[in-house]
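Let's take a walk through this protein, stop by stop. Have the structure open and follow along.

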Amino acid sequence: MGTGCCFPVNLDRSFKFSRVPSRGSPRSPSVANGTEKQEKNELVVCFGEMLIDFVPTVSGVSLAEAPGFKKAAGGAPANVAVGIARLGGSAAFMGKVGADEFGYMLADILKKNKVDTSSVLFDPNARTALAFVTLRADGEREFMFFRNPSADMLLRDSELDKDLIKKARIFHYGSISLIEEPCRSAHLAAMEIAKKAGCILSYDPNLRLPLWPSAEAAQKGIMSIWDQADIIKISEEEITFLTGGDDPYDNNVVLKKLFHPNLKLLLVTEGPDGCRYYTKVSYQDFLLLSSPIVMDSSCCLWLTENSVQEFKGKVGGLKVDCVDTTGAGDAFVGGVLTKLASDPNLLKDENQLREALKFANVCGALTVTEKGAIPALPTKETVTEFLPKVAA
């Protein structure tokens, strides 16, 4: 058997292992609407960009043909932070906006949604990023960005609120902050602080090709931090892109090319069809499981220190009339992280994980029924109301 510790565990054959700011101030004052005292077991810090989305008032037309636009707060990490707060969770946003009217507006929106803004910075020398979003008739999007450079790209590692990161249970981020310096170095430094503090690292690449110098640079940049995340959420399109054109529905592709040894949970969103999940439970986690195991002398399982129990599956989605898919993935992530922050052990229990993903699927589905990201993010009460309608 080697030198690893091992012991016999008798299992019943039927047992399934479930595997903002005063103007001119560089940093928003700590008016977190009651969230000043954050506990590590509940706080989610979302790091990255926040910007203004301009969404056409009419779907199915080009930007030039649009008769008008609806202004909405956006930026994936900020969307996730608001999504968590709307669901009753504890969230903080860490990033930089311009010391301009849009920047002040975004900080105010975070505050009104009870997101901790104590780590929002304001740059007097750069503008807040803007994005014009083209809506096709089916609600899918195309983007045109204005950020050359925008304030979010100029965040420096010396400006990081290290104490806030250390308080977090979960540190969440995307890939857009990896594109340019100095923000890339700030991003990497923040991840290192979070990892050393014992935070769960959550990664949603949120591919936006127009922002990268090339497709090759995007693939390399996204994958450069892949093996450090504990949780990763990706879409079908991102699987195809990151694997060089492989079938996003092939479990072998996902497991062999995207599931790294230290990953605790890989999520693949499938729009209205729900999501897939891939996870594992280590030997050490097995020892900590609180649910009883039914013993039966007819079966004996040997576990060593290197043993791993895995589970994977699919959770159905909620069918709705799609108006705008902006923010749907962020709402899904917000739902997952809200549940995980309150109970990290759900990663070790498949039934609990499936319930959390069902909740997250409803969050994503409800968000596509309105235009804009943050305005459409649902409350916990609304999600609970729609949960019984989720497909099995």
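## A buried alanine

Ala-365 is buried, with a relative accessible area of 10%. Buried here means under 20% relative accessible area, exposed means over 50%, and partly exposed is in between, using a 1.4 Å probe and protein chains only. You'll find Ala-365 in helix H10, residues 350–367. Helices (H or I, at least four residues) and strands (E, at least two) are DSSP runs, numbered from the N terminus. Now look for Pro-272: it sits 93 residues from Ala-365 in sequence, but 6.9 Å away in space, C-alpha to C-alpha.

Some ground rules before going on: this is a predicted model, where local features need pLDDT of at least 70, side-chain atom pairs count only at pLDDT 80 or more, and totals for chains, interfaces and linings use all residues. Residues are numbered from 1 along each chain as its sequence is written, and side-chain values use heavy atoms, with hydrogens and water left out.

## Rings meeting rings

How many aromatic pairs does a search of the whole structure find? It finds eleven. Rings of Phe, Tyr and Trp (its six-membered ring) pair if their centres lie within 6.5 Å; planes under 30 degrees apart count as stacked, over 60 as edge-to-face and the rest as tilted. Phe-143 and Phe-145 make a stacked pair, 5.5 Å centre to centre with 10 degrees between the planes. Phe-143 is partly exposed at 21% relative accessible area, while Phe-145 is buried at 17%.

## The largest cavity

Tyr-203 turns up again in the lining of the largest cavity, as do His-172, Asp-204 and Lys-233, among others. A cavity is a set of points, on a 1 Å grid over the protein atoms alone, where a 1.4 Å probe fits but cannot get out; lining residues have an atom within 4 Å of a point. The space inside comes to about 50 Å³. That volume is the space filled by probe spheres set on the points, with grid points joined across faces, edges and corners.

Which elements each supply at least two residues of this lining? They are strand E10 (200–203), strand E11 (231–235) and helix H9 (328–342).

## A polar contact

Ser-119 is in strand E6, residues 116–123, and is buried at 2% relative accessible area. Its side chain makes a polar contact of 2.8 Å with that of Asp-161. A polar contact is a pair of N or O atoms within 3.5 Å; within protein, one must be able to donate a hydrogen and the other to accept it, and residues adjacent in sequence count only if both atoms are side-chain atoms.

Two stops feature cis peptide bonds: Asn-148 to Pro-149, with omega near -15 degrees, and Glu-181 to Pro-182, with omega about 10 degrees. Pro-182 is in the loop between strand E9 (170–173) and helix H4 (183–196).

Lys-114 has a phi near 65 degrees, a positive value in a residue other than glycine, and is exposed at 54% relative accessibility. Asn-206 also isn't a glycine, yet has a positive phi of about 50 degrees; Asn-206 is buried at 11%.

Technical notes. 1 Å grid on protein atoms, 1.4 Å probe; cavity = no way out; pocket = protein on both sides within 12 Å on 5 of 7 lines; lining within 4 Å.
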